[in-house]
Every structure is written in C-alpha cells, then in structure tokens.
Amino acid sequence: MINTETNPARVIRVLVLAAWLVITVFPLYWITVTSLKEPGAIFSYPLTYWPEVFSLENYVGLFEKAQFGTYIGNSLLIATAAASVATLIAMLSAYVLARFEFRSKGALMMAFLVTQMIPAFIALGPLYLLMTQLKLVDNKFGLILIYIAICIPFCTVMLRGFFANVPDALEEAAMIDGCSRIGALFRVIVPVMKPGIVAAFIFNFVNCWNELFLSVTLMNRDQNKTIPTALNGFITSYNIDWGSMSAAAVLTIVPTMVLFAFASRYIVQGLTAGAVKG
Amino acid sequence: MTRTTIDLERPSSGTGAPGERPSDRAGAPRGSLGGSGRRRVFTTRKGVAILGFLAPAILFVSVFIYYPMISGSQMAFRNWNLTNLTDTSWVGLKNFEAIFANPVFYTVLGNTLLWVLGSIVPQLVIGFAIALWLRRRFRFRGVYQALIFFPWAISGFLIGILFRWMFNSEFGVVNDLLAKAGLIDSPIPWLAEPGTAMTAVIIANIWYGVTFFAIMILAALQSVPDELFEAAALDGAGKVRTLFQITIPYIRTTLALTILLRVIWIFNFPDIIWAMTGGGPANQTHIVTTWMINTTQRGDYGQASAIGLIVVAILLVFSAFYLMAIREKRDA
C-alpha cells in the first residue's frame with residue numbers, strides 16, 4: 001500500500017485508536033480496582049482510581065460466605081464436557097458439509113443457521129418441561145446435554161469454513177493408502193486443522209462458561225449452580241454487594257480472556273471465513 | 001449423549017449395509033465408514049456415511065433445540081400457565097390478542113427499535129473507522145487487535161454488571177468522571193430514570209459490539225486488492241471518494257450481511273439489559289426478549305411463546321425486505 005498519509009491524519013488516527021483502546025480496557029480496569037479495595041473503601045468519597053490499601057478480602061469472602069469454589073468447579077466441569085463433545089460432533093458434521101454434495105445439504109445448513117436467529121427463549125419453557133420429563137432438572141448432566149446442542153450449529157458452520165481450506169487431496173491420498181474415511185479425518189485432517197479445532201473448542205467453552213438464562217431456569221440447588229447463575233442470584237436483591245460482585249466478575253472474566261487471547265486469531269478467521277467469501 | 005460419539009469412533013463392526021433406511025442410523029454408518037477405505041464408494045454407501053457423520057449433530061439439535069421450539073410455538077395458541085396446569089386448552093389467538101391489547105407491548109416495541117438502531121449505527125460507524133485505520137500496518141498492531149478484542153470474551157450478562165457498577169448513581173465512575181470534567185453538577189441517577197437508563201444500556205451495548213464490526217470489516221477490507229487503492233491514488237481520488245466509490249462498493253455484500261446478522265442478534269440480546277436494569281424502571285428498558293423472559297418466569301408460557309412468535313415474524317419480514325433491497329441494489 002502506498003503511504004499517502006499526511007502527518008495530521010496520522011496524529012488523528014493514533015489518537016482515535018488510543019482513545020478507543022482506553023475506552024475498551026477501562027471497564028475491566030475499574031472492576032479489578034474495585035475488587036481489590038477494602039470492602040468499606042468501595043463506598044466512600046471521593047472515588048479513588050487506585051486502591052489506597054490493596055485487599056483480597058472481597059475474594060476471600062466469596063469463598064467463605066458464598067460457595068464460590070463449588071460454582072467454579074461446576075462451571076469448569078460443565079463447560080469442558082459440553083465444549084469437548086460439541087466440538088467432536090460438530091467436526092463430523094462440518095466435515096461432511098464441507099466435502100460432500102447431497103440433496104438436503106442446503107436445508108440442513110439452513111436448519112443450523114435458523115437456530116442462531118430464532119430467540120432461544122421461546123424454547124425456555126418447553127425445555128424446562130422436557131427436562132422435567134427426563135428427570136434432568138437441576139442436574140449437571142442435563143445442562144451439559146443442552147449446552148452441547150446449543151454449541152453444535154455455530155461450531156459446525158465455523159469448522160466447515162476451516163475444512164473447506166484443507167485440500168481434498170490430503171485425505172484422498174490417505175484413503176488410497178488404506179485409511180478409512182473416519183481414519184483419514186482423524187489422522188490426516190485433524191492434525192492440519194488443529195488450530196481451528198482448538199479455537200472452536202475455546203469458543204464453545206467460553207459460551208458455555210458464560211451462559212445464563214438456561215442455567216438460571218434449570219439449576220436450583222447451590223451445589224449445582226454455575227458461576228453466572230450464582231452472580232444472577234447476587235443481583236436479585238436490591239442491595240448488591242459490589243465487593244463480592246466485583247471479585248466474582250474478575251474471577252469469571254479472567255479465564256475466558258486468557259483463553260480468547262490464545263485463540264483470537266483463529267476465532268476471527270472462523271467467524272469471518274463465511275461472510276468474507278460471500 | 002456420549003454413546004453416539006463413542007459409536008462413531010469405534011472401529012467398524014460391520015453391521016451396516018447400503019440402502020438401509022435412514023432411521024437405522026445407529027448401526028449403519030459404522031459399517032460403511034469402516035468399509036469405505038477404497039475409493040470405490042457407492043452413492044447409497046456415501047449417503048449412509050454422510051448420515052452417520054451427521055446423525056449426532058442432527059439428534060442433539062432436534063431434541064434440544066427444535067423440539068422445544070416447535071412445542072413452544074404451539075403453546076402460543078393454548079392457555080398454558082404454570083399456575084394452572086389443569087386447563088391447557090386451545091384458545092386460538094387469545095394470547096396474541098392479549099399482547100396486542102397490552103399497552104406495555106407497544107412501549108417494548110418502541111424500546112426494541114431504539115435499542116437496535118441506537119446500538120447498531122454507532123457500532124457500525126466506530127467499527128468501520130477502526131477497521132479502516134487498522135488496515136494500515138503499524139508496530140504493535142497485533143497487540144492492539146488482541147486488546148480491543150477482549151470485550152468478546154466477556155458474557156453480555158457480565159458486561160451488564162460492569163456497566164451497572166460504572167453507572168451507579170452514588171459511587172459510579174461515570175458520574176465521577178463527568179463531574180470532574182465539569183459537565184454535571186449533581187450525580188445523574190442513570191439507571192433509575194427512563195431516558196437515561198435506555199442511554200446507559202445502549203452505551204454498554206455499543207462498547208460491546210464495536211469489536212465485532214471492526215473485525216468483520218477489517219477482514220473484508222483485507223480482501224480488497226491493493227492495486228485498486230493504488231489506481232485510485234494515481235487517478236488523484238481523495239480519501240473520501242476512495243472510501244465511497246471503491247472501498248464500500250467492494251465490500252458491500254459483506255457489510256450488508258454483517259449488518260443483517262447483527263440486527264437479528266441485537267434484537268435477541270437481552271443479557272446486558274437483564275443485568276443492568278432488569279427491564280426497569282417501569283418497563284422503560286424492556287425489549288421484546290427481556291419482556292418474554294420475564295413472562296416465562298411468571299409462568300405464563302402461552303403468552304411468552306406468543307411474544308416469541310411475534311419476534312420471529314418481525315425478524316422474518318425484516319430479513320426478507322432487507323435481502324430484497326440489497327439484491328435490487330446489486331442488480332441496478
């Protein structure tokens with residue numbers, strides 16, 4: 001690209017980009033600072049933008065007063081299980097959708113895409129009734145099943161884009177060498193696509209880790225609650241304990257940020273692959 | 001649930017035969033998958049393999065998404081209230097009539113329109129600007145992109161919580177900064193008043209959504225060949241002209257589809273509002289989906305489903321017109 005930028009233009013560009021960066025990072029900075037203040041200092045004037053005394057009291061309180069350890073464990077278990085299974089299943093369907101032509105293919109893609117557009121909440125009530133019949137209300141396994149289903153459509157679309165970039169010749173060669181199709185998929189294609197698959201897994205994991213409305217509807221007992229469900233419980237009362245809330249928010253956000261930092265490049269590829277080609 | 005996947009991984013036990021009915025999917029795919037090693041793949045065999053690979057996905061999506069959705073849709077035409085499950089009779093359009101007769105519905109519709117437009121226009125403009133400026137290489141561009149990417153890792157619900165705290169009337173940082181800048185004399189009770197509450201939730205949503213546009217548009221921009229810009233520069237086209245006559249037309253399809261997806265998505269995005277105001281004060285920040293969740297939680301599944309169907313209808317009509325409009329423009 002020819003460098004046609006004048007100096008004032010450059011200054012404006014740098015300033016605007018810098019301003020947006022500050023705006024983007026500030027809310028996270030603020031919640032972190034809040035969580036590290038002494039509980040009393042959170043509600044005092046004037047506001048301080050740096051803790052006068054650093055304190056982990058809010059964090060300690062989370063584990064002592066609320067069963068935050070249990071919630072973290074539940075969220076970890078449920079998100080890991082659901083994301084793994086969903087990624088595996090989506091891999092199979094994405095592979096077929098990328099490699100084969102068949103009559104109902106368009107309809108199937110449509111059926112997957114439609115799930116992204118219809119408000120999932122229309123299914124909230126009936127899903128509760130279904131889970132009641134299956135005796136899976138307030139049950140981690142039940143929530144995992146639903147999360148798998150929710151992750152599959154988008155994950156399939158995303159992975160399909162990655163598969164389309166891997167040449168057919170690769171698995172054809174493996175199959176001539178005597179590999180079965182599924183063998184070729186796992187031995188030849190998956191290693192090539194590893195970054196994409198990891199990104200898909202992380203995307204699913206973060207979505208399950210963050211999901212609120214289904215878990216609020218389905219999980220009742222403290223021993224089964226995920227982090228978002230517990231946080232939602234924190235706000236139903238009129239007075240939010242912002243000390244605990246800020247600490248809990250930081251603990252919830254940090255793992256997903258770390259994961260996204262690893263995978264962001266591939267997630268972006270996956271998200272943009274479909275649209276840009278169109 | 002795990003059984004389906006394990007089955008697929010297990011080496012062939014060879015019970016499947018070509019031409020089996022689709023409903024026999026449990027046994028069929030294994031055999032054909034294992035046996036299709038040579039490239040001589042019959043069409044039916046291929047069909048069975050395709051079905052086998054797709055079966056788990058279809059099973060999960062049908063049982064846990066489509067079944068509840070369809071069964072939810074029929075509830076819209078029934079008297080379906082958790083408080084009185086003895087009478088779940090068909091009532092025709094009564095639920096819809098009740099909604100259309102409810103003044104709150106029109107408030108909610110107006111709010112939704114404001115929420116969608118007020119969020120998407122600034123998201124698009126800021127996102128576009130950032131993408132344009134990010135297209136140029138500079139040191140730390142990768143780091144910059146990673147940093148502005150981070151709102152994505154956070155759930156809408158938590159973003160709502162972050163902003164609820166920042167917009168707190170007494171100890172919120174927004175009021176503090178505005179006061180320090182000399183813009184306000186007394187703290188604004190942001191989330192307690194209708195007008196400001198809507199502004200606050202929309203600001204949170206803009207903050208969240210800019211990244212998405214920036215990333216999608218940046219990806220599209222990178223598909224524009226450099227030669228086009230070079231040619232435009234040689235012809236003496238200014239920056240603004242290049243933008244409107246080359247850049248935007250080139251990425252028009254991506255842009256149009258991104259906007260459509262985003263409209264649908266923001267329409268269906270209750271999380272931020274849920275965490276910040278819960279739809280209050282006095283329903284003034286309820287959008288259709290928060291109102292629907294609220295109705296579900298009250299146990300009135302019939303009315304909630306009717307609201308859901310209304311949402312689907314609105315989005316379908318909107319998408320149809322929108323797609324027609326961009327197609328016409330392309331043909332012209």
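What percentage of the 332 residues in chain B is made up of buried residues? In this predicted model, the share comes to 41%, and the legends below take up each chain, the contact between them and several local views.

**View 1. Chain A is built from 13 helices and zero strands.** Followed along its sequence, chain A reads α-α-α-α-α-α-α-α-α-α-α-α-α, and its C-alpha atoms fill a box of roughly 70 × 70 × 35 Å when this is taken along the principal axes. Of the 278 residues in chain A, 46% are buried. Among the contacts in chain A with a sequence separation of 6 or more, 73% are between residues 24 or more positions apart.

**View 2. Chain B has 15 helices and zero strands.** Where residues of chain B at least 6 apart in sequence are in contact, 62% of these contacts join residues at least 24 apart.

**View 3. Chain A and chain B meet through 77 residues of chain A and 81 residues of chain B.** On the chain A side of this contact, the largest share is supplied by helix 13 (residues 242-277), which gives 15 residues. Sorted by class, the side of chain A that touches chain B holds 59 nonpolar and 16 polar residues, together with two charged residues.

**View 4. Domain 1 and domain 2 of chain A have centres 32 Å apart, taken over C-alpha atoms.** Domain 1 of chain A covers residues 1-55, and domain 2 of chain A covers residues 66-277. Seven residues of domain 1 of chain A are in contact with seven residues of domain 2 of chain A. On the domain 1 side that touches domain 2, helix 1 (7-36) and helix 2 (39-42) of chain A each supply at least two residues, and helix 1 of chain A gives the most, with five residues. By class, this side of domain 1 of chain A has four nonpolar and three polar residues, and no charged residues.

**View 5. Ala82(A) belongs to the largest nonpolar core, which has 167 residues.** The residues with the most contacts inside this core are Ala82(A), Ile148(A), Cys151(A) and Ile152(A). When residues up to four places away in sequence are not counted, Ala82(A) touches Ile144(A), Tyr147(A), Ile148(A), Cys151(A) and Cys208(A).

**View 6. Helix 10 of chain A, residues 194-210, is mostly covered.** Of the 17 residues in helix 10 of chain A, 14 are buried.

**View 7. Ile248(B) lies in helix 11 of chain B, which runs over residues 239-250.** Is the position of Ile248(B) buried or exposed? Ile248(B) has 12 other C-beta atoms within 10 Å, and because a residue counts as exposed when there are 12 or fewer, Ile248(B) is exposed. The C-alpha atoms of Ile248(B) and Ala146(B) are separated by 25 Å, the two residues being 102 residues apart along the chain.

Key: Residues numbered from 1 in each chain as written. Chains lettered and ligands numbered in written order. Predicted model: local features only at pLDDT ≥ 70, side-chain atom pairs only at ≥ 80, totals over all residues. Helix = DSSP H or I, 4+ residues; strand = E, 2+ residues; numbered from the N terminus. Buried ≥ 20, exposed ≤ 12 C-beta atoms within 10 Å, placed from the backbone. Contact = placed C-beta atoms within 7 Å. Nonpolar A, V, L, I, M, F, W, Y, C, P; charged D, E, K, R; others polar. Core = buried A, V, L, I, M, F, W, Y, C linked by C-beta atoms within 7 Å. Domains from an automatic or database assignment.
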